[in-house]
Amino acid sequence: MSLGDDGAYGGGEYSGQGPGQTRTRLPGGEGDVYGSGRRPRGGMSSRNLVTIVGVVVLLIAAIAFANRGGSGSGSDSADGDSGAPAAQPTAPTGQRPVSGKNSDTPTIPSGFPKSEQGAQSAAANYAVALGSSEMFKEETRKRIVRSIHDPAVVDRLESTLDKAYSPAFLKNVGLNADGSAPKGFTFVSRTVPVGTKVSSLKGGSATVEVWCTGLVGLAGEGSTDPVSDTWFTITQKLRWIDGDWKIEKSQQEEGPAPVSGDVRASGAKEITDAVEGYGGFTYAR
């Protein structure tokens, strides 16, 4: 989450995208503060857009059907060159998700394999936990930090976070002193990993980049800080400690961010219902 005047805490370490950087969308007229949605871009009609989307969907379906069934004979390459590098999958593949759950924070998986895929799975799930609304409440924040970090850095990190999530900061982002949302509003802070990449892996140390999109803001009628999306990349340095990957250090930078699509912005109630009705996932590579 983003903390401090510049939207980060710890000089870039353990920084995130949070309410401090959320843009306020002003409505074009009276009505829902979430506005009436983005205006369509010129040069492309709705019919053309639907046609393009339809072609893309059919292409994806065709590729998925062609690849169904795994390793059939003659499917390595068209020219028979078995030395050609395999394409990176766009869907979660490989090792099965872990079955363990952390005893202190059961929503966070544990027991990741000591492998490249295990490090990616751990980093993705840890990014979700660090970008959640539970980080804004002292009790749940401490449980999350202690569950997924190297014990050697926990005390220093907790002290830094306690100062960062001060009552003044919470008030500035529209929350109560205990980190809860005001009556009639729902605070949204959710991180969704899009992909992972291992920058380095050697023995019991790994560096993993997690490309994420996120939602952050206050949902509710009359909100001056409505829920908006953001894109960022979290880089985590992990260590293998007591049979699991733990975060030794983490930092974040903005992007890569795609061009926004022509999608109507939803109203406050629709956003609130979606956040309360749709749960998150356990991520595995």
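Figure 1. S4 and S5 run antiparallel and are joined by 12 bridges. Cys212 has Phe232 of S5 as its bridge partner. Val216 is partnered with Ser228, again in S5. S4 covers residues 205-219, and S5 covers residues 228-241.

**Figure 2. The hairpin of S5 and S6.** These two strands pair in the antiparallel sense over 10 bridges. Gln236 has Ser250 of S6 as its bridge partner. Two residues lie between the strands of the hairpin. Asp242 takes a positive phi near 50° here.

Figure 3. Which side chain forms a salt bridge with Lys237? The partner is Glu248, with an N to O distance of 4.0 Å. The pair links distant parts of the chain, 11 residues apart: Lys237 is in S5, and Glu248 is in S6, residues 244-254. Lys237 is partly exposed, at 37% relative accessibility. Glu248 is also partly exposed, at 23%.

Figure 4. Glu209 and Lys197 form a salt bridge, and their closest N and O atoms are 3.8 Å apart. Glu209 belongs to S4 and Lys197 to S3, residues 186-202, so the pair ties together parts 12 residues apart in sequence. At 25% relative accessibility, Glu209 counts as partly exposed.

Figure 5. The side chains of Glu139 and Arg143 meet in a salt bridge, at 3.1 Å from N to O. Why are the two residues about one helical turn apart? They are separated by about one turn because they lie four residues apart in H3, residues 138-148. Glu139 is exposed, with 58% relative accessibility. Arg143 is partly exposed, with 33%. Side chains of opposite charge can pair when their charged atoms come close.

**Figure 6. The salt-bridge network.** The structure holds 11 salt bridges. Some share partners and join Arg141, Lys142, Arg146, Asp155, Glu158 and Asp162 into one network.

**Figure 7. The largest nonpolar core.** This core has 34 residues. Tyr126, Ile148 and Leu238 have the most contacts inside it. Which elements each supply at least two residues of the core? The helices are H2 (116-130), H3, H4 (151-164) and H5 (167-172), and the strands are S3, S4, S5 and S6. H2 gives the largest share, seven residues. In soluble globular proteins, nonpolar side chains tend to be buried together.

**Figure 8. The surroundings of Tyr126.** Leaving aside residues up to four places away in sequence, Tyr126 touches Ile108, Phe112, Ile148, Gln236, Leu238, Asp244, Trp245, Lys246 and Ile247. Among these contacts, Ile148 and Leu238 are listed with Tyr126 as having the most contacts inside the core. Gln236, another contact of Tyr126, is the bridge partner of Ser250 in S6.

**Figure 9. Confidence along the chain.** The mean pLDDT of the protein chain is 75. Of its residues, 63% reach 70 or more. Which element has the highest mean pLDDT, and which the lowest? S5 has the highest, at 96, and helix H1, residues 46-66, has the lowest, at 47. Over residues 1-42, pLDDT stays under 50, yet the model has 108 contacts beyond four places in sequence for this stretch. Residues 61-93 also have pLDDT below 50. That stretch has seven contacts in the model beyond near neighbours in sequence. Where pLDDT is low, the predicted coordinates should not be read in detail.

Note on methods. Residues numbered from 1 in each chain as written. Predicted model: local features only at pLDDT ≥ 70, side-chain atom pairs only at ≥ 80, totals over all residues. Heavy atoms only, no water. Buried < 20%, exposed > 50% of the residue type's maximum accessible area, 1.4 Å probe, protein only. Pairing = 2+ DSSP bridges. Core = buried A, V, L, I, M, F, W, Y, C linked by side-chain atoms within 4.5 Å. Contact = heavy atoms within 4.5 Å. pLDDT = per-residue confidence, 0-100.
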